[in-house]
Protein chains: 2
Amino acid sequence: MGKNLTTRGEDYSKWYNELVVKADLAENSGVRGCMVIKPYGYAIWEKMQAELDRMFKETGHQNAYFPLFIPKSYFSKEASHVDGFAKECAVVTHYRLKNAEDGSGIIVDPDAKLEEELIVRPTSETIIWDTYRKWIQSYRDLPILVNQWANVVRWEMRTRLFLRTAEFLWQEGHTAHATQQEAIEEAEQMMNVYADFAENFMAIPVIKGTKTESERFAGALETYCIEALMQDGKALQAGTSHFLGQNFAKAFDVKFADRDGKLDFVWATSWGVSTRLMGALVMTHSDDNGLVIPPNLAPDQVVIVPIYRSDEQYDAVCAEAETIVKELKAKGIRVKLDKRDTHKPGWKFNEYELKGVPVRIAIGPKDIENKSVEVARRDTLSKEIIEREGLADKLKALLEEIQKNLFDKALKFRNESITEVNSFEEFKDVLEKKGGFLSAHWDGTSETEEQIKNLTKATIRCIPLNAKTEEGVCVYSGKPSIKRVLFAKAY
Amino acid sequence: MGKNLTTRGEDYSKWYNELVVKADLAENSGVRGCMVIKPYGYAIWEKMQAELDRMFKETGHQNAYFPLFIPKSYFSKEASHVDGFAKECAVVTHYRLKNAEDGSGIIVDPDAKLEEELIVRPTSETIIWDTYRKWIQSYRDLPILVNQWANVVRWEMRTRLFLRTAEFLWQEGHTAHATQQEAIEEAEQMMNVYADFAENFMAIPVIKGTKTESERFAGALETYCIEALMQDGKALQAGTSHFLGQNFAKAFDVKFADRDGKLDFVWATSWGVSTRLMGALVMTHSDDNGLVIPPNLAPDQVVIVPIYRSDEQYDAVCAEAETIVKELKAKGIRVKLDKRDTHKPGWKFNEYELKGVPVRIAIGPKDIENKSVEVARRDTLSKEIIEREGLADKLKALLEEIQKNLFDKALKFRNESITEVNSFEEFKDVLEKKGGFLSAHWDGTSETEEQIKNLTKATIRCIPLNAKTEEGVCVYSGKPSIKRVLFAKAY
């Protein structure tokens, strides 16, 4: 293929790392653990952002912006939160540099030490609830339905592009409610919004569920999640939505007067998805030839490559291609015409295959003569000669078909990768040979969960919302259990 | 008015500070110098972002994302840049917190000291040019036309909401070119994009010009700017576009091979506008009654307030209002119906006046009977009874008229605030009594500029692009000068 890409069979992890860089999605920067999101990768992220933002606004949310820095003391206010988030983080201790007196360069000015250190936000519950205290007095001020698009920093020791980086981009919703019921409904609603987005926009099938206590967000009473399965049989948490109870309201003293004037603490949720979704996208759909981008997310849905030998042919073919561009744009299709004469068609085919453009059109003098074009699908790698007449409508339908095909394919794989196991031997065997989700009975204790994790590296990804009640015994402890949960190794 | 707002005449600065908070644009946070941008303020910023982003993409730019942190050593690489930016900044020195052994809380872990301190980006030239070195080998890789939407931090001692905050939001374009000519054209183009945006979208008239050497961006060979005038006669720099020559390419060793294989350093530009524009918006159009938002920027362009006494009237009026909402939405008008029965119409009128909603419609049983509505304009505070028939078209036209009227009004004020002065006495006199821009001859030296600044606090805002050549003598030194420049006190 000339792409020099490691295949998935050879080394899945290497394939991923190479592909992200070669397809111009992202690269490592000179700052440890921080990535550069390149224009092509960022254009895909923008598509995700636009759709999520639309969905958030449709469900009544507004955007706002809160400070990047959080005073250290804020973290200590919520007991479980501090353990989860205020450890591996970027700490600002000074606010000035100066020229070294010995002329050796610039140094941190020791006179400019902050009285209290500032933490670069790893998540914003604390600074936001410190703010909500000023916004909320009465039930009339509720609900507050706010979302923030922001960068966050968690100091990770082992980083991988998109999957685990020190700095990443995300959105974090933070809502405040008058009742427990309303907050739980909000948390569930946002899990459903995420699932809808993952499946219908990104073509990534997900399982909705709740986290076990040990996998829960630090400070949450319940964490809802959507779990996806990557091609190598490892799970990836694609989004979480937390019911925070009154924990943050109590930590930051946020009370409201209800209709009868009675004071109570406010109920909270928070929910987020991040640039991690880019990793999920790559590892769900792409193949040994490169990226495969679902049409909904593709910056270019269709690319047109002119085929020609002479200048005369180039002009004629480009003229026809320009007409096609206009027709496609009129139908709302994102189309790019690659007229560059510095690169050969074969090079371009290769390039757009690597970049995962859903549909490639090749058009040459013969096609003009025959009133047809050659259409290649990225998902199936199949080619077809299509009549020129009504091309835009046909491509519109084809893009929908590709979107659906990618989802169906991923769904089939995901469903085939869920295995019911009934003993720990079977558990270990399936985990090693097949991977994927193991549907197993569990006794409900953190101890068992911990033991299984230590022995196999598999964790409970979620307690599926649709798990049916059935009598069984825990695969590890043999104690009674009434539902199966999903275990997997995970990103 | 019941708004309890300081008037501009009493104390302009106080009026501004109060208005930003009372109209729900932004507020101070628990972190020194960092603001919270509230949903209403953020919604206006989103309108600006969307329009600018559209204009950037139309001129061939793509978005990308670069790290928040910059290694300290990067700043030292460009000599003039380090003096301008690497002084008052947030310095990350550690990457971990831990529980204090004496149980007193969490403390910075002394074992987690970074080998090299990281600076929270005050601007991203250095990290971006460090990246461009990897992206650029040949003329075929040029131009690179990249923009980034990001937060930046400059440690300011005296902060004011939107105008000067430690953290602010902005966009920064960073382009790379094969020739000096192309880079200069890019820098000029972006100044023109900003001017177009300020005038035609924000209704803020601006003067295009270049900065003097001492006011130039640290590292630039030329800084183009757009300068606006606030109602109190002080200038505000609303956007800058820099021609950076080969300075950053040399500092980060970014060379390209031209068509003949000859190596040369790459030419650069950078350009940005920030949430400062929110301050310009407030101080250009608003009045003693509150905000005045140009229709293009208004999250709600029209608000409908139902007038009623009985439940029956409420139902009838709301039903009619809903019909109007549909008609307006169909014409692309952003409309809000305030059906709340917890607040009286008078309270609502006040609220929307404070928030600067361009058009307010009041509709009661009598209006339904008369097939009319009451329409109030925020810009002129005038009210009119308008026939119900064809309302949407009339409002569409009215919104355009308001947009134009706001620009015309601001332009008239700005033009009347430019005074030609020909002696230093006159200079000081006009500056003190009238303010605004002083159009004066200047001998072209930094010394004179500095002296005038020390004596009057006025700085050279720009050398207008359209300044005509005329013989004259410097208002301060009496030395010969061939064009007038614009002085003003500035935000």
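Phe162(B) is found in the loop between S8 and strand S9 (167-177) of chain B. The structure described here is a predicted model. Although Phe162(B) is not a glycine, its phi is positive, at about 70 degrees. Phe162(B) counts as buried because it has 26 C-beta neighbours inside 10 Å, where 20 or more are required. A positive phi, of about 55 degrees, also occurs at Asp253(B), again a residue that is not a glycine. Asp253(B) is placed in the loop between helix H7 (247-251) and strand S13 (255-257) of chain B. With 11 other C-beta atoms within 10 Å, Asp253(B) is exposed, the limit for this class being 12 or fewer.

Cis peptide bonds were found in chain A and in chain B. In chain A, such a bond joins Leu142(A) and Pro143(A), with omega about -5 degrees. Pro143(A) belongs to the loop that lies between helix H5 (125-135) and strand S8 (144-153) of chain A. In chain B, Leu142(B) and Pro143(B) are joined by a cis peptide bond, and omega is about -5 degrees. The loop holding Pro143(B) lies between helix H5 (125-135) and strand S8 (144-153) of chain B.

An open sheet in chain A is formed by five strands in the order S17-S16-S18-S19-S20, with mixed pairing. Its edges are strand S17 (335-337) and strand S20 (383-387) of chain A, each of which pairs on one side only. From one strand to the next, the twist averages 25 degrees. Within this sheet, strand S16 (residues 302-306) of chain A runs parallel to strand S18 (residues 359-363) of chain A, and five bridges join the two. Ile304(A) has Ile361(A) in S18(A) as its bridge partner. Helix H9 (residues 311-330) of chain A packs on the sheet and touches S16, S17 and S18 of chain A. The direction of H9 makes about 165 degrees with that of S16(A). Helix H12 (residues 391-416) of chain A also packs on the sheet, where it touches S16, S18, strand S19 (372-377) and S20 of chain A. Between the directions of H12 and S18(A) the angle is about 150 degrees.

A helix pair was also examined in chain A. Helix H2 (residues 39-58) and helix H6 (residues 180-201) of chain A have axes that come within 11 Å and cross at roughly 140 degrees. H2(A) is therefore oblique to H6(A), as angles over 145 degrees would count as roughly antiparallel. The crossing of H2(A) past H6(A) is right-handed. H2(A) contributes Glu51(A), Leu52(A) and Met55(A) to the contact, and H6(A) contributes Val193(A), Phe197(A) and Phe201(A). By class, the residues of this contact are five nonpolar, no polar and one charged.

Between the chains, 53 residues of chain A are in contact with 53 residues of chain B. On the side of chain A that touches chain B, strand S5 (residues 88-99) of chain A gives the most, with ten residues. That side of chain A comprises 32 nonpolar, eleven polar and ten charged residues. S5(A) is joined by five bridges to strand S5 (residues 88-99) of chain B, and the two strands run antiparallel. In this pairing, Val91(B) of S5(B) is the bridge partner of His94(A).

Conventions: Residues are numbered from 1 along each chain as its sequence is written. Chains are lettered from A and ligands numbered from 1 in the order in which they are written. This is a predicted model: local features need pLDDT of at least 70, side-chain atom pairs count only at pLDDT 80 or more; totals for chains, interfaces and linings use all residues. Two strands pair if DSSP finds at least two bridges between them. Helices (H or I, at least four residues) and strands (E, at least two) are DSSP runs, numbered from the N terminus. Axes are lines fitted to C-alpha atoms, for helices over the stretch in contact, and angles run from 0 to 180 degrees between N-to-C directions. Two residues are in contact if their C-beta atoms, placed from the backbone, lie within 7 Å. Ala, Val, Leu, Ile, Met, Phe, Trp, Tyr, Cys and Pro count as nonpolar, Asp, Glu, Lys and Arg as charged, and the others, Gly among them, as polar. Angles under 35 degrees count as roughly parallel, over 145 as roughly antiparallel, 65 to 115 as roughly perpendicular and the rest as oblique. A crossing is left-handed if the near helix is turned anticlockwise from the far one by less than a right angle, and right-handed if clockwise.
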